[in-house]
Amino acid sequence: MPPCFEDLWQFCQVQALKTQIKPEETFLQFGLKLVGPYDVLAGKFDRAKVHEPGDYLRHWRFFYDPPEFQTIIVQQNSGVHYGYWRDSPDNTDGLVAWNDVKKGCEFLIVGENIFDAILHFLGNYASVTPFNKKKISDMKKLISDWAQSKDIALNCCEKQKSRKAQIVSKTFHKVGLVVPYDRKTNIGYRPLLESDEKIRAILSKFENLNRFENNLEYQELMRELQPIITAADLATDECDFGTVLELALDFFCSGVKSLHEVMKPLFFTGYSMVNRPQYIAIIKSHLDNRREGINLDLLAAPAGECETTKKRKHTHLLLPMVFFAM
């Protein structure tokens, strides 16, 4: 995990001693909850019943969260959530992104450490009233003082600038795609066969279409997509691996569930070619049970829900990936 992950937990532990609350409840007064890997530090998994490993990979994974994103903070009773954005599984730069699942698939990089995310929430989404205005102001100062004492720079953008220079395409989620790319030889990525607007127009036709009840219509639409898929596959054959990943992510961001089986091989090929196998495990788990809504806490799942997923086949995902993917 990025260094700021532990730094925030230490901050919460100090506040907990002062206020006699649990560390993970430090920001509950503002409607913000620490989740995902913080549930591990809080000991919430100590007595958790082990089910299919894929269930753990889906813990607090929202509908539009791509494998590159790891939720760690949520606003209660809303679709707003924050998390680490990793272009590759071993990246620990600490870039944090924001998404409101109720508004769609677009993400926004809001800072370079988790404290930036807390301040972003307090400044943009916390419900300010005459009764809590001072508390919000006090918390901002506490965070600022703590960050200064730990030599944590707030509101920096150097890493973001560096990443921006490596982006090869915007993608539908707007954060952009970063893959190995040689700008001298132009090897690693090439644009999709059609424009984003054309692809969106085709994908919109799949919305609310049941492929089993309307198979002829589904197959007709697939004929529109097939040239784009074929071109991406050809790009892969010529070492432009980013193209197939961009297409897979665009399909994913469309939210069209009837295309899950279409995008799986695109994801598997793309992530395999750029040496990111952990993301194959995450996307497979997510697409196997891609839940909507905001109640995505594995530990609070209704009895029987995990039993259903437990019966699924392909339970070969490895537990060492679990805590990273939450």
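This is a tutorial dialogue on reading some features of a predicted model.

Student: What should I know before I start?

Tutor: The model is predicted, so to speak on its own terms: local features need pLDDT of at least 70, side-chain atom pairs count only at pLDDT 80 or more, and totals for chains, interfaces and linings use all residues. Residues are numbered from 1 along each chain as its sequence is written, and side-chain values use heavy atoms, with hydrogens and water left out.

Student: At what angle do helices H9 and H10 cross?

Tutor: Start with the terms. Helices are DSSP runs (H or I, at least four residues), numbered from the N terminus. Axes are lines fitted to C-alpha atoms over the stretch in contact, and angles run from 0 to 180 degrees between N-to-C directions. Here H9 covers residues 241–254 and H10 residues 260–273; their axes come within 8 Å and cross at roughly 145°.

Student: Is that crossing left-handed or right-handed?

Tutor: A crossing is left-handed if the near helix is turned anticlockwise from the far one by less than a right angle, and right-handed if clockwise. This crossing is left-handed.

Student: Which residues make the contact?

Tutor: Contact means heavy atoms within 4.5 Å. On H9, the contact residues include Phe241, Leu245 and Phe252, and on H10 they include Val262, Phe267, Gly270 and Tyr271. The contact residues divide into 14 nonpolar, one polar and no charged.

Student: How many aromatic pairs does the structure hold?

Tutor: A pair of aromatic rings is described by the distance of the centres and the angle of the planes. Rings of Phe, Tyr and Trp (its six-membered ring) pair if their centres lie within 6.5 Å; planes under 30 degrees apart count as stacked, over 60 as edge-to-face and the rest as tilted. The structure holds 16 such pairs. Take Phe206 and Tyr218: the ring centres are 5.7 Å apart and the planes are at 85°, so this pair is edge-to-face. Phe206 lies in the loop between H7 (196–204) and H8 (215–237), and Tyr218 in H8, so the pair ties together parts twelve residues apart in sequence. Elsewhere, ring pairs link Phe11, Phe27, Phe115 and Trp146 into a cluster.

Student: Are Phe206 and Tyr218 buried or exposed?

Tutor: Buried means under 20% relative accessible area, exposed over 50%, partly exposed in between (1.4 Å probe, protein chains only). Phe206 counts as buried at 1%, and Tyr218 counts as buried at 2%.

Student: Which charges lie over the face of a ring?

Tutor: The test is that NZ of Lys or CZ of Arg is within 6 Å of the ring centre and within 35 degrees of the ring normal. Arg200 lies over Phe172, at 4.1 Å from the ring centre, and Arg290 lies over Phe63 at 3.9 Å.

Student: Where is Asn208, and what is its phi?

Tutor: Asn208 is in the loop between H7 and H8, with phi near 60°, a positive value in a residue other than glycine. At 84% relative accessibility, Asn208 counts as exposed.

Student: What does Ile202 contact beyond its sequence neighbours?

Tutor: Ile202 sits in H7 and is buried, at 2% relative accessibility. Leaving aside neighbours within four places in sequence, Ile202 is in contact with Glu224, Leu225 and Ile228.

Note on methods
Helices (H or I, at least four residues) and strands (E, at least two) are DSSP runs, numbered from the N terminus. Ala, Val, Leu, Ile, Met, Phe, Trp, Tyr, Cys and Pro count as nonpolar, Asp, Glu, Lys and Arg as charged, and the others, Gly among them, as polar.
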